[in-house]
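Please read the points below alongside the model. They go through chain pairs, then single elements and residues.

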Number of protein chains: 4
Amino acid sequence: MKLENYHIESHNSELLARHEQRLSFVKSEVADAEYIIQKLVDFQIAIPSWALGTGGTRFGRFSSGGEPRNIEEKIEDIGLLHKLNGSSGAISLHIPWDTVENTAGIKALAAQNGLKFDAMNSNTFQDQQGQALSYKFGSLQHVDKAVRQQSINHNIEVIRQGVELGSNALTVWLADGSCFPGQLNFRNAFQNTLESLTEIYAALPADWKVFVEYKAFEPNFYSTTVGDWGQSLLYTSKLGPKAFTLVDLGHHLPNANIEQIVALLLMEGKLGGFHFNDSKYGDDDLTAGSMKPYQLFLIFNELVEGMDARGMIHKDDVAWMIDASHNVKDPLEDLLQSVEAIMIAYAQALSVDRKALQEAQAVSDVVRCQEILQQAFRTDLRALVAEARLRAGAALAPVEVFRKYQIRAELIKNRGNKTVATGL
Amino acid sequence: MKLENYHIESHNSELLARHEQRLSFVKSEVADAEYIIQKLVDFQIAIPSWALGTGGTRFGRFSSGGEPRNIEEKIEDIGLLHKLNGSSGAISLHIPWDTVENTAGIKALAAQNGLKFDAMNSNTFQDQQGQALSYKFGSLQHVDKAVRQQSINHNIEVIRQGVELGSNALTVWLADGSCFPGQLNFRNAFQNTLESLTEIYAALPADWKVFVEYKAFEPNFYSTTVGDWGQSLLYTSKLGPKAFTLVDLGHHLPNANIEQIVALLLMEGKLGGFHFNDSKYGDDDLTAGSMKPYQLFLIFNELVEGMDARGMIHKDDVAWMIDASHNVKDPLEDLLQSVEAIMIAYAQALSVDRKALQEAQAVSDVVRCQEILQQAFRTDLRALVAEARLRAGAALAPVEVFRKYQIRAELIKNRGNKTVATGL
Amino acid sequence: MKLENYHIESHNSELLARHEQRLSFVKSEVADAEYIIQKLVDFQIAIPSWALGTGGTRFGRFSSGGEPRNIEEKIEDIGLLHKLNGSSGAISLHIPWDTVENTAGIKALAAQNGLKFDAMNSNTFQDQQGQALSYKFGSLQHVDKAVRQQSINHNIEVIRQGVELGSNALTVWLADGSCFPGQLNFRNAFQNTLESLTEIYAALPADWKVFVEYKAFEPNFYSTTVGDWGQSLLYTSKLGPKAFTLVDLGHHLPNANIEQIVALLLMEGKLGGFHFNDSKYGDDDLTAGSMKPYQLFLIFNELVEGMDARGMIHKDDVAWMIDASHNVKDPLEDLLQSVEAIMIAYAQALSVDRKALQEAQAVSDVVRCQEILQQAFRTDLRALVAEARLRAGAALAPVEVFRKYQIRAELIKNRGNKTVATGL
Amino acid sequence: MKLENYHIESHNSELLARHEQRLSFVKSEVADAEYIIQKLVDFQIAIPSWALGTGGTRFGRFSSGGEPRNIEEKIEDIGLLHKLNGSSGAISLHIPWDTVENTAGIKALAAQNGLKFDAMNSNTFQDQQGQALSYKFGSLQHVDKAVRQQSINHNIEVIRQGVELGSNALTVWLADGSCFPGQLNFRNAFQNTLESLTEIYAALPADWKVFVEYKAFEPNFYSTTVGDWGQSLLYTSKLGPKAFTLVDLGHHLPNANIEQIVALLLMEGKLGGFHFNDSKYGDDDLTAGSMKPYQLFLIFNELVEGMDARGMIHKDDVAWMIDASHNVKDPLEDLLQSVEAIMIAYAQALSVDRKALQEAQAVSDVVRCQEILQQAFRTDLRALVAEARLRAGAALAPVEVFRKYQIRAELIKNRGNKTVATGL
C-alpha cells in the first residue's frame, strides 16, 4: 500500500479530541504557544540517505528487511517520513553511494515528495572499487600529493553533482588521522589538509558553503586530523567566509560541554550545521534524545539564544541533519523518534523565559536560572509538536501510523527481506 | 621462499656481537638475569586465528594482501611467528570461522609448527549463513528460550571441536546487551545468561575451563550483560570452580585501574586469562604496548606478584592471548611487535626488587615505591628478551628478519593480493 | 522569623486554584495518580548534616552566611526543609563533626521537628585534632595494625552513638587507596580492609546494617580500596547479611551505566542505600537532577521495578540520602531542588506502564520500549509531587516560600554572616 | 645542617665509577650523546612557590612538616633543589601568597641561590581577607563590571610586582565558569573575559608575555570559561602577539591527545608554556612521569620537533614549570622525581632518529615509525641525565643525597612540624 493523506487524516481524527485537550492545557502553561507552533511548522531536518538502512558495527550487521535499494527508494522513504511528520523535507546525499545519473528525474521525484537537497557528503574514508590510490593512510592529509589530489578531485566532483541537484553545501568528514604514535607528523598533516581544503574551497560556487566536521576518534585511534572544534575552527577561519564548522553530537571526548562549543561557534559566526544523534560512550549514533534529552535541550537553548543574538532568525542559517545508525530498530521508526525528540527540544528551548533568565543571570541567582531552564524542560510540550504536524497535514502520532498501516511489511514485500542499502 | 632456520641463524650472527655487549651490560644491571631469561624462554602467548588478517572498522577495511585463506594458512602464519620469536607457540581458534573437518591433519600440521591449541572461541555475536534464529537481540541473554538454546548448543559444539583438537578451554565473549534504555530487563538478562552459561558449564570436560569475558560497551551502546569484572565474577562465582574471568585490556571504561582488577581476580582465584592489546579511547585493539607501556608493565607486576603469592608458578595457570586488530600495519609485523612488548613488560615485572618494594610499602615510603617500580621499567631489558629468543632458536630481531626476507611479498605472491581471512 | 504553618497555608492558598487545574490534567494523563501520590507522601529522603553549609573545593570556599553552627541548628534547618517539603524527615549525622553530648535533648529536638536519625557516618579520611595516629596512608587498609585498630574503634564508637540516638545503620565511606603505582599491595590492602570491616561488623547490633560505599577516585588518584560496585559487593558478600552496598551517583568512572549496577545489586539483595547528587565530570556533588534528569529517572525505574520484584515494598528497605555540595547555591534552596528532582524521578518511575514494557521487552520491540519510558519521563508529573506535599501539610512551591519569607536573611541575622558549619 | 657542595661531591664520588660505566654504555647506544647532555645542562624548569608544601584535597590535608613559612624559606627550598639537580633554577611566584615587601633583599636571596623569577601567577579563584568583592561567581568573566575591574587591577598589580623582581611573564589561570546549566550566558562570559584580558594585556611591558591557561573542569563543574586549548587560542589570537596559550597536562578531558595539541599550538606560534604533572582521572597533580611516562615522552617529542621546525632553539622560548600537588610524598622529594622524569623525557625526545622517522612517515611505514619512537623511549638514558647534573655540579642521585643527609628532619627541626606554607 501507499500511505495516502486520507490514511493520516483518518488516524488523526481518532486522536483529535484528546489532542485538543492537551493542546488547550499546554497553551494555558506556555506564554507563546502560537509562536512556538509556527517555528515548529517551519523547522525542517534533513535525513541522510545512509540512515534509511539498518546500521552495523565492526562485529556485524542485522538487517531489518525492506531497505531501499537505490536513490529512488531512498527518496521514497524520506518522502514517507516527511508525509508522516512534516519536518523531514530534505535529503542529504553521500557520494559515491548516491551518484545520480538521471539528474532531472531525481530532482522531479524529490520535488514530488516535497524534498530539497541538503548538504552533499563526500567519502574519502573508504576505497571504492577501481579506485587508483588507497585512503588507508588518509586522504586530504596524505603524505603523497597524488592521494591528496585524488581526494580533492573527488570533493570537487561531489560539488559538481550537488550543483546539478540544487544543493548548496558540501560536508567534509575526514577519517584522516593516525592509529599509532609517530605515524604522523601532526603539523604536516594539518598543513596538507589545509592545502587540500583550500583547493576544494576554491571550487565552491558563490552561494555554497563547506562544512568541516570534527571527530575525536574512530576510525583512527590515536589522532584525528580534524579532531575537535578548535581544530575545525582553525581550518574554517583560515579558509574563509564560506567555511563553517559542523557539530556531530557523538564526536567528542567524554563529558565535553557541547552546548558551550555551540555557543562559541555561534559567537564566532562559524557554526555551519549539526548532525543529531545520541550516545553514551563514543560515536554510538543512537536515536536523538534517547540517552540525554536534557543535553539536547541545552544545546537547542544555545541555538535559540545565539541565533537570536546574531539575527540568524532564518531557518536556513544552520544545516540541521540527523546522523544516526539504527542497529536494533526499524530505521524509519528510529528516524521518526529522532525527529520527534529534536522538535521537542526545540520547542522547549523556544519556551524558555529569556527575559527572566537574563535577569537571574545578571544577579548570579543560580537557583533561579536552573528553575527557569527546568520549567521549560519539564513542561510537557509534545502537544505543540503534534499541533505543528497537524497544521502541516502530517500525523499526530507518526510511529503509530507507520505501524497501523504495516508499512514495513509492505516495504519488505516490495523490496525483499535481504536488501542492502547502498553505503554503510 | 620458506623461512628456514639458517636464514635466522645467518641474521643472528650479524647481530650477535652487539647483542652480547648489551646482554653483558644488562646482566651487570639486573640481579637475576638468568632466572628472567629462563622465564622468558618458557613464556608462550597464543595468537588468535582472526588476528592474521587486516582488521577493519565499521567504516571500512584496507587489506594488506597475502592474508591466510584457511586454517592451514593460519597455522602456517603462526608457525612463522613462532619460528621468528619462539614465544607464539599456541593458536586460539574461532568457531565457526575455523571449523575443522580434517582434525587429524590439522593437529599434525600444528604439531609440525610447534603449536598447541589454546582456548576455543565461540561466536554468538553474528548471524551465520543459514542460521535458524537471529542474535540481533542477544544470544545467551535472549528473551526467547529458543535463541538461548541455539547459543548454548553452539557453545557445546565449540567445546566438542576443541576436545578433538586437544584444547582445554572455552572463551565466551558475549556481545549481549542493549542499545537503548528500557530495551532489556537487566535482571532477567542476567538470569537468562546465567542459566545458559550453567548449561554450557555442565558440558565442560573435567579438565576444561570456561572463561567469561567482560566488556563495557560495543557493539551494544547502552548496556552490556557481562559489562565489567564485577559482573563476570558474579557469573563465574555462581558457575563453579571451572569458570574464570577473562580480562581484555581494551574492555574497560575510561581511566579504569586494570592492574587492581587483575590483582583482585588473582586474589579470588578467578583470573582465567588475558587478551592483550592497547587502546586510547575504547576497544581500539592496537598493538600491545604501543600506547601505554607503563600500564602494561604495572599489569605484569601484579601478575608476577599475585601468581607467586598463590603458588601459580606454572605458566599454564593463566591463558595469555593477543587480541588486536591491525588496521594500518602488516598483521604479522604487528603481532611480532605485540609479543615483543609483552615479553619486555614481563621481564620488567620479573626484575622488580620485590623485597625492597615490600619494605617500602610496609612503611608507606611512597617515593621509594615509585623509584623501585620505575627502576625496573626504565632499565633497558630488551637484551634479555632477545637472549631468550636466541636460546629458543629464534631471531634476535624478528621484524628485521621478516622484512629482510620479504616474507609479506612472498605471501602475496602465493596467496594473492585480495584475499580475505575468514572471520572479521 | 520562624516559619509557621500559616505562612505555608497562606502561600498555598494563592497557588491552589492553578495547582488544582494542573492536578486535574495530570490525573487525566496518568493511570494511577492516587497510588503515586500516596507513595510520594510516604517517601522520605535523609539530609546529611554536612550539606547544610556551603561546600568548597580544594581551591577555596565561598560562604553564603547563616550556616548552622552546631547540631541543634542543623536539626533546625532540616526541620525547616521538612516543613517546606514534607519529604525530608530524617537526618544523617557525621561523627566526630556531630558528636552529641546531650543525647536526650537532641532526640527530643529531632522529634519536635519530625525527624528520624538515618545512617550514621564515620570519618577516617581526615585527621582530627589530637588524634594519635594519622590516616595519611589510609585507615581500615593501613599497613600498620595500630592505625587499623584506631579506625575500627572509631567506627564502633559511631555505632554506639547511633544506638543512643535511635539510628540503625552505619555508612562506611573509605578514602583509602593510593596515589602512585607501587604504593600499595592491592591484595593486602583488600585483606586488611576486610579484616577491619569484619571487626566493625561484629559490633553491629542485631537490627543494624552497615553500608559499604564505593568510589572510583578522589581523594586518592591511582587506586581506591573500595573502588567500584564489584569490590563493594565482594566485601559485603564476605561480611554477611547485615552488610550492603551503598551507591553514590557521583562515584563512578565516566559513562558508567549506574542503573544497571542498581538492578544487579537489587538482584543480589545487596543494595543498601543511595547518595543522590548529580555530576558531569567526577564526584561533582551537584544538585540531584540538575545535569542528567533522565538518568535519575532510569535509576528510579530500576528501583521501582527491582524492589517490586523482590517484595521490597516498604520504604525502609533502602536508605535514601542526598549527598551534595552547594558551592554556588544557597544550601537550603539547593536541598529543596534536590528533593524535588528526586520526587519527580520517583513519580515518573511509578507511572511507567510496566505491563506494556514487559510485553514490549518480551518481543524485543525496542522502539516501543523507548516510547513507554519516555512517555513516563516526558509527562509533566510535578503536580503529583506538589499534591503529595499539600497532603503532607507542606508547601506547594517550597523554594518560593523560602524566598518569600526571606528565611536566609533571617538565618544570617541570627547566626551571622561568617559562620562555618562543622565539617567540610 | 646546610647542604654544602662537598656533601654532594662526596656522594658523587661514591657513585662515580658505576656512573661512568653506564654513561659509557649509553654513549655506545646513542648517536649524539654529547649534544644531548649539553641540552640537558641548559634545560631549566621553574618550581612554583606553592609546590613546596604538602598538598591537599577538599577532604583534607596531611602535613609533612618542615614546610617553608615565607618566601625566604621557599627560595631556600628551591635553592636546595637546584643545588641537588642543577635544573631547578627558577621560581614562579603566586600573588598575593608571595607578595614581597623587601624586593631588593628577595632578589639578592634568589641570586645567591642561582634562581631567576619565572612567570608570575595571579589569583582570582579565592577571596582574600578584606577583599571588597567576591569571586564566588567568577572574576574576569563576572556579570558585574566592578568585580571584573577588581580582577583586572589585581592582575596589573601582579605584573607590577613581577617587573620589580625581574620576571617577564604573567600566567592567568581562571577558575571562572559555572556549576549549573543556565548559570552563565557562555558568550557574554567569553566577551567579558576577553575584555578584561585586553585591559591586562595593555598593561604588559614591552618584553612581557601573558599565558592564558585552560582547564576542562574543576573548581567549576559544568563549564569553564577558558575550558580547552581552542578557547585559549581564541583569546590569545584576539589579544595579540604577546599572548600565548599555557598547557597544563592535567587540564584535559579523558583521553585527550595532548601531544597533538602541543604540536598545533607550536604550529600557530602560540605555545607559551607548560605546567608539568601527571594524572589518571582529572587534575590529579601527581608527580610528572609517575603515571604515563610514554605520554610525557610523546609530548617532548613534539616539542623538540616543533621547536626545531620553528627555529625556537633557545630554551627561553617556552616557559617550563612544574605544577603538582604532593599529598602523600615529601614535597621536595616529589619535585626531584618530577624534574628527573621531565629530563629523561626530554633526553629521549632528543635521541629520536628524526631523519629515519621522517623517512618512515613519508612512506606510511607505521611499524617502523613505532620502532623508532620506542627505540628512543626504551633505551635507558638516565646516565645522560645524571651526567648533565654532574657537569652542573649537582648530584648524581638527588633523592639519595636528600635522604642521606636527612634534610627533611633538619627542616622540621628548624621550621617546626606543623607549619603551613602560605597558599593552598
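1. Conventions. This is a predicted model, in which local features need pLDDT of at least 70 and side-chain atom pairs count only at pLDDT 80 or more, while totals for chains, interfaces and linings use all residues. Residues are numbered from 1 along each chain as its sequence is written, chains are lettered from A and ligands numbered from 1 in the order in which they are written, and side-chain values use heavy atoms, with hydrogens and water left out.

2. Relation of chains C and B.

3. Extent of the C/B interface. Chain C gives 48 residues to the contact and chain B gives 48 residues. Between them the two chains bury about 4300 Å², of which 62% is on carbon and sulfur atoms (buried area is the accessible area, with a 1.4 Å probe, that two parts lose on being put together, summed over both). On the chain C side, C:F186, C:R187 and C:M267 lose the most area to chain B, together 16% of what that side buries.

4. Four salt bridges are found between chain C and chain B (a side-chain nitrogen of Lys or Arg within 4 Å of a carboxyl oxygen of Asp or Glu). One pairs C:E268 with B:K238, whose closest N and O atoms are 3.0 Å apart. Elements giving two or more residues to the chain C side include α6 (186–202), α7 (229–239) and α9 (293–309) of chain C (helices are DSSP runs of H or I with at least four residues, strands runs of E with at least two, numbered from the N terminus).

5. The D/A interface. Here chain D and chain A contribute 48 residues and 48 residues, burying about 4200 Å² between them, with 62% on carbon and sulfur atoms. Four salt bridges are found across the interface of chain D and chain A. One of them joins D:R187 to A:E305, at 2.4 Å between the closest N and O atoms.

6. Helix α7 of chain A. Nine of the eleven residues of α7 (residues 229–239) are buried, so the helix is largely enclosed by the rest of the structure (buried means under 20% relative accessible area, exposed over 50%, partly exposed in between, with a 1.4 Å probe and protein chains only). Among the buried residues are A:W229, A:Y235 and A:L239. The N-terminal end is capped by A:D228, with a side-chain oxygen 3.2 Å from the backbone nitrogen of A:G230. Just after the helix, A:G240 has a positive phi of about 135°.

7. A:T124. This residue sits in the loop between β6 (120–121) and α5 (145–165) of chain A and counts as buried at 3% relative accessibility. Its side chain is in polar contact with that of A:S139, at 2.8 Å. Leaving aside residues up to four places away in sequence, A:T124 touches residues including A:Y135, A:H154 and A:L174.

8. A:L357. Helix α11 (residues 354–362) of chain A holds A:L357, which is buried at 6% relative accessibility. Beyond four places in sequence, its contacts include A:C369, A:L373 and, from chain D, D:G182.

9. Backbone items to check. Most residues other than glycine have a negative phi, and most peptide bonds are trans. The bond joining C:I95 and C:P96 is cis, with omega about 15°, and C:P96 lies in the loop between β4 (90–92) and α4 (103–112) of chain C. A:N255 is not a glycine but has a positive phi near 75°; A:N255 is buried at 16% relative accessibility.

Technical notes
Contact means heavy atoms within 4.5 Å. A polar contact is a pair of N or O atoms within 3.5 Å; within protein, one must be able to donate a hydrogen and the other to accept it, and residues adjacent in sequence count only if both atoms are side-chain atoms.
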